Amino acid sequence: MTRRIAILGGTGAEGSGLAYRWARAGEQVLIGSRDAGRAAETAKQLRERIGGAAQIEGMDNASAAAACDIAVMTVPFSGAAALLKQLKGVWKPGTVVIDTTVPLAATVGGAATRTLGVWQGSAAEQTKELLPPGVSLAAALQNLGAASLAGDGPVECDVLVCSDDEKAKQVAAELVGKIPGARALNGGKLENARIVESLTALLIGLNMRYKVHGAGIRFTGLPLK
């Protein structure tokens, strides 16, 4: 049976970019949104762009979360906790959640080059508190820009995957590998997500100063595989 990847907040730039890349790679994608109609429209546009037998559907976030095997959180940090509380009784046991959320100050009207202090330490650790038992979590893809994902070329970025669950870490790393140019690296425990999340604000600043849209990170001296 084909696995289903739900992208919660999938009508945004980051979410639709991931949907595009994974659907092109042959994955079955469910785009979730607060507005099911908007999700369906985004899915239609992506199917038309990809062509062929692209497997993309649109629905509300709760329906997508209930139907998926893997869920990817791409909602703004300001709305993440409320959504997770709404989904508390929806998840199937064994679902893997991948959190891409970054607590940027911009989500509450501040600067995009600053991060907010999070009581739990990171957005990912906050997500962990709000997930029910039986649902595992990995933090990944925070540093991969929406502009790069929306294109057709390789993204040229390393992706740190942080998790306390080996299955979740493996699933996230595999999905990273489906994006041309991206390389998944084992980022260690989930608590390390607080470091990875802060790099996003740094990359946004670099994009602004150098007037580019796709600044990424690469780690040298590591094995290619």
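**Entry 1: the model.** I am working from a predicted model.

**Entry 2: the sheet.** I looked up the strand order first. The sheet is open and has six strands. I read the order as S3-S2-S1-S4-S5-S6, with parallel pairing. As a reminder to myself, strands of a sheet pair through backbone hydrogen bonds, either parallel or antiparallel.

**Entry 3: S1 and S2.** How many bridges join strand S1 to strand S2? I find five, between residues 4–8 of S1 and residues 28–33 of S2. The two strands run parallel. I then picked out Leu-8 and found its bridge partner in S2 to be Gly-32.

**Entry 4: helix H2.** I followed residues 36–50, which form helix H2. Helix H2 lies across S2 and S3. Its angle to S3 is about 170°.

**Entry 5: the cavity.** With a cut-off of 30 Å³ or more, the count is one cavity. The largest cavity holds about 30 Å³ of space. Which residues line the largest cavity? I listed Asn-143, Leu-144, Gly-145, Ser-148, Val-155, Cys-157, Gly-214, Ala-215 and Gly-216. I sorted this lining by class and got four nonpolar and five polar residues.

Note on methods
Residues are numbered from 1 along each chain as its sequence is written. This is a predicted model: local features need pLDDT of at least 70, side-chain atom pairs count only at pLDDT 80 or more; totals for chains, interfaces and linings use all residues. Side-chain values use heavy atoms; hydrogens and water are left out. On a 1 Å grid over the protein atoms alone, a cavity is a set of points where a 1.4 Å probe fits but cannot get out, and a pocket is an open set with protein on both sides within 12 Å along at least five of seven lines; lining residues have an atom within 4 Å of a point. Grid points are joined across faces, edges and corners, and a volume is the space filled by probe spheres set on the points. Ala, Val, Leu, Ile, Met, Phe, Trp, Tyr, Cys and Pro count as nonpolar, Asp, Glu, Lys and Arg as charged, and the others, Gly among them, as polar. Two strands pair if DSSP finds at least two bridges between them. Helices (H or I, at least four residues) and strands (E, at least two) are DSSP runs, numbered from the N terminus. Contact means heavy atoms within 4.5 Å. Axes are lines fitted to C-alpha atoms, for helices over the stretch in contact, and angles run from 0 to 180 degrees between N-to-C directions.
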